[in-house]
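Let's take a walk through a protein fold together, one region at a time. Have the chain open in your viewer and follow along.

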Amino acid sequence: MKKIEAIIKQVKLEEVKDALVMAGIQGMTITEVQGFGRQKGHVELYRGSEVEVLFVPKIKIELVVPDSLVEKVVQTILEKAYTGTVGDGKIFIIPVEEAIRIRTKEKGEKAI
């Protein structure tokens, strides 16, 4: 099993979520996050004054999937989150040693 964490632009959330559901993903966790990458924030005009925005609002999607679905999930996110502009995001793939469903005590892939 792998945990996939994707940091994407907020405007792409619905498109990515819908595509992942169509790809067979049954659950995911979505978190509103802030951060910066290579762009190091940006400057905006607020009431006539320039304001430096150091942390850019993003969405973090977290999923745990069987190894057999990793490539499909990654390709789906790459396709649907892409805008071609700075700040499209990142995908991280992390090994998952074990998963346990609390209610039924199921373990492994049955728990996800």
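What follows goes from the helices to the salt bridges, then to the strands, loops and surface.

This is a predicted model, in which local features need pLDDT of at least 70 and side-chain atom pairs count only at pLDDT 80 or more, while totals for chains, interfaces and linings use all residues. Residues are numbered from 1 along each chain as its sequence is written, and side-chain values use heavy atoms, with hydrogens and water left out.

Let's begin with the helices. Helices (H or I, at least four residues) and strands (E, at least two) are DSSP runs, numbered from the N terminus. Two packed helices are described by the angle between their axes and the distance between the axes. Here, helix α1 (residues 13-22) and helix α2 (residues 70-81) have axes that come within 9 Å and cross at roughly 150°. The axes are lines fitted to C-alpha atoms, for helices over the stretch in contact, and the angles run from 0 to 180 degrees between N-to-C directions. Angles under 35 degrees count as roughly parallel, over 145 as roughly antiparallel, 65 to 115 as roughly perpendicular and the rest as oblique. α1 and α2 are therefore roughly antiparallel to each other. Their crossing is right-handed, a term for the near helix being turned clockwise from the far one by less than a right angle, with anticlockwise giving left-handed.

Now for the charged side chains. A salt bridge is a side-chain nitrogen of Lys or Arg within 4 Å of a carboxyl oxygen of Asp or Glu, and by this rule the count comes to 10 salt bridges. One of them joins glutamate 5 to lysine 60, with 3.9 Å between the closest N and O atoms. Because glutamate 5 sits in strand β1 (residues 2-8) and lysine 60 in strand β5, this pair ties together parts that are 55 residues apart in sequence. To describe how covered such residues are, buried means under 20% relative accessible area, exposed over 50%, and partly exposed in between (1.4 Å probe, protein chains only). Glutamate 5 is buried at 14%, whereas lysine 60 is partly exposed at 21%.

Which parts of the chain does the salt bridge between aspartate 88 and lysine 9 tie together? The closest N and O atoms of aspartate 88 and lysine 9 are 3.7 Å apart. Aspartate 88 belongs to the loop between α2 and β6 (89-95) and lysine 9 to the loop between β1 and α1, so the pair links parts that are 79 residues apart in sequence. Both aspartate 88 and lysine 9 are buried.

Another salt bridge brings together the side chains of lysine 80 and glutamate 79, at 3.6 Å from N to O. Lysine 80 is partly exposed, with 24% relative accessibility, and glutamate 79 is exposed, with 56%. Salt bridges that share partners also join Lys3, Glu5, Lys60 and Glu62 into one network.

Next, look at strand β2 (residues 29-35), where threonine 31 is found. Threonine 31 is partly exposed at 30% relative accessibility. The C-alpha atoms of glutamine 34 and isoleucine 7, 27 residues apart along the chain, are separated by 9.7 Å.

From there, move on to the loop between β2 and β3 (42-46), which holds glycine 41. Glycine 41 is buried, at 11% relative accessible area, and its C-alpha atom is 30 Å from that of lysine 2. Lysine 40 lies in this loop between β2 and β3 too, but lysine 40 is exposed, at 54%. Between the C-alpha atoms of lysine 40 and valine 53, 13 residues apart along the chain, the separation is 8.8 Å.

Phenylalanine 55, in the loop between β4 (49-53) and β5 (56-65), is partly exposed, with a relative accessible area of 44%. Phe36, Leu54 and Phe55 make a nonpolar surface patch of about 310 Å². Patches are made of residues with over 30% relative accessible area and no salt bridge, with like charges joined within 9 Å and nonpolar side chains (Val, Leu, Ile, Met, Phe, Trp, Tyr) within 5 Å. Accessible areas come from the Shrake-Rupley method with a 1.4 Å probe, and for residues only the protein chains shown count as cover. Finally, in the segment after β6 you will find lysine 105, which has a positive phi of about 70° although it is not a glycine. Lysine 105 is exposed, at 59% relative accessibility.
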